[in-house]
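Visitor: Could you walk me through this model, one question at a time?
Guide: Gladly; here it is.

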Amino acid sequence: MPTNNRADASTVLLPLVFLNESAIGQGLVWNPPYWSLAYEVWFYALFGAAIFLKGWNRAAVLALIGLIAGWKILLMAPIWLMGAGLVRWQRQLCLPLTLAPLALLPGVAICLAADAWAVPGVVAFSGLLGIEYQALGFSRYVLTDTAMGIGIALLFIGLRPLAEAAGPLLNRIAAPVRWLAGCSFTLYVLHNPILLLI
């Protein structure tokens, strides 16, 4: 659900255990960016269970985590898996520099199309399920977010050979880039409460 300005158990306590996107979640109080943590936490829990458990234990724990997280979280899991796949198969997906445009151009086109079709995608998906789009919470953009994930994956694939070619320059600025990257998520999650406080 989008931000909910009503402070009660469902809007304060459920986000503390990352259940704001569950079947009983009611949205967030005062901090819309926090929505993404509910997805990330459950994706990491699912991924850990899938990798480190075996046999029936794996199946049972995955089912339990999926049940607790809820179907809205599971809708977006393939997008997260795209990123995990990029890391896992980064060497196999490395293109020669001359072929980088073959990934970059479709990547840009897909991202632009996904952005342009975001609202019609919400309408189509909620209509397909026969429910109001608000009931989908932050998973309402799943169709165009999936397309955006594919586009961004292609951009990463296309930019990798360019980054390797620019290696010496990138190595010189690595320290400040790492520092900025290290605080970017904290800034994203906390910027709204800080603005409200100011």
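Visitor: How many helices are there in the protein?
Guide: This is a predicted model, where local features need pLDDT of at least 70, side-chain atom pairs count only at pLDDT 80 or more, and totals for chains, interfaces and linings use all residues. Residues are numbered from 1 along each chain as its sequence is written, and side-chain values use heavy atoms, with hydrogens and water left out. Helices (H or I, at least four residues) and strands (E, at least two) are DSSP runs numbered from the N terminus. There are zero strands, and the number of helices is nine.

Visitor: How are H4 and H7 oriented to each other, roughly parallel or roughly antiparallel?
Guide: Axes are lines fitted to C-alpha atoms, for helices over the stretch in contact, with angles from 0 to 180 degrees between N-to-C directions. The axes of H4 (residues 71–88) and H7 (residues 142–165) come within 9 Å and cross at roughly 5 degrees. Angles under 35 degrees count as roughly parallel, over 145 as roughly antiparallel, 65 to 115 as roughly perpendicular and the rest as oblique. H4 and H7 are therefore roughly parallel.

Visitor: Which residues in H6 meet Val142, Leu143 and Thr144 in H7?
Guide: H6 (residues 118–129) packs against H7 at about 130 degrees, with the axes 7 Å apart. That makes the two helices oblique to each other. With contact meaning heavy atoms within 4.5 Å, the residues on the H6 side are Ala118, Gly121 and Phe125.

Visitor: Which residue forms a salt bridge with Arg91?
Guide: A salt bridge is a side-chain nitrogen of Lys or Arg within 4 Å of a carboxyl oxygen of Asp or Glu, and a search of the whole structure finds two. For Arg91, the closest N and O atoms of the pair are 3.8 Å apart. Arg91 sits in the loop between H4 and H5 (101–116), and its partner is in H7, 73 residues apart. That partner is Glu164.
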